[in-house]
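I opened a new notebook page for this structure.

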Amino acid sequence: MDEVKPWYLSRTIWASVVAILIALFGIAGVSTDALNDVALTDAFLQVAAAIAGMLTIFGRVFAKNRIG
């Protein structure tokens, strides 16, 4: 396993974020019985990938220097 990927593409990270959010919802008194952890993790991962793609495009469009 020599390949490196950005943290925001890690399913483990997003699953952990979902677990933290569900715990916080529980503390706040919000019912989380209807939530599907796997679907929520996949949704977060898709949102993160979309944001990463947009940042890449905007970064290149507004860059001051050429790629060399």
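Entry 1: I am working from a predicted model. I began with the buried side of α2. I asked what covers its buried residues, and the cover includes α1, residues 11-28. The buried residues themselves are T41, L45, A48 and A52. I noted that residues three or four places apart on an α-helix point the same way, because there are 3.6 residues a turn.

**Entry 2: the overall form.** I counted secondary structure next. The protein has two helices and zero strands. Its radius of gyration is 17 Å, well over the 11 Å that the globule rule gives for 68 residues, so the protein is more spread out than a compact globule. I also looked up the box filled by the C-alpha atoms. Along the principal axes, that box is roughly 50 × 30 × 15 Å.

**Entry 3: burial and surface.** How much of the protein is buried? I found that buried residues make up 13% of the 68 residues. The accessible surface comes to about 5,800 Å². Carbon and sulfur atoms account for 67% of that surface.

**Entry 4: Y8.** I moved to the segment before α1, where Y8 lies. Is Y8 buried, exposed or partly exposed? Its relative accessible area is 27%, so I put Y8 down as partly exposed. I then left aside neighbours within four places in sequence. Y8 is in contact with W14, L45, A48 and A52. Of these, L45, A48 and A52 are also listed among the buried residues of α2. I looked up one distance here. Y8 and A48 are 40 residues apart in sequence, yet their C-alpha atoms are 6.2 Å apart in space.

**Entry 5: R11.** R11 sits in helix α1. With neighbours within four places left aside again, R11 is in contact with T41, D42 and L45. The C-alpha atoms of R11 and T41 are 7.2 Å apart, although 30 residues separate the pair in sequence.

**Entry 6: a nonpolar patch.** Last, I looked at the surface. Which residues form the nonpolar patch? They are V47, I51, M54, L55, I57, F58, V61 and F62. Together they have about 840 Å² of accessible area. I picked out I51, which lies in α2, residues 37-61. I51 is partly exposed, with a relative accessible area of 40%.

Key. Residues numbered from 1 in each chain as written. Predicted model: local features only at pLDDT ≥ 70, side-chain atom pairs only at ≥ 80, totals over all residues. Heavy atoms only, no water. Patch = residues over 30% accessible without salt bridge, like charges linked within 9 Å, V, L, I, M, F, W, Y side chains within 5 Å. Areas by Shrake-Rupley, 256 points an atom, 1.4 Å probe, with all protein chains shown as cover. Salt bridge = Lys/Arg side-chain N within 4 Å of Asp/Glu carboxyl O. Helix = DSSP H or I, 4+ residues; strand = E, 2+ residues; numbered from the N terminus. Buried < 20%, exposed > 50% of the residue type's maximum accessible area, 1.4 Å probe, protein only. Contact = heavy atoms within 4.5 Å. Rg over C-alpha atoms; globule rule 2.2 N^0.38 Å.
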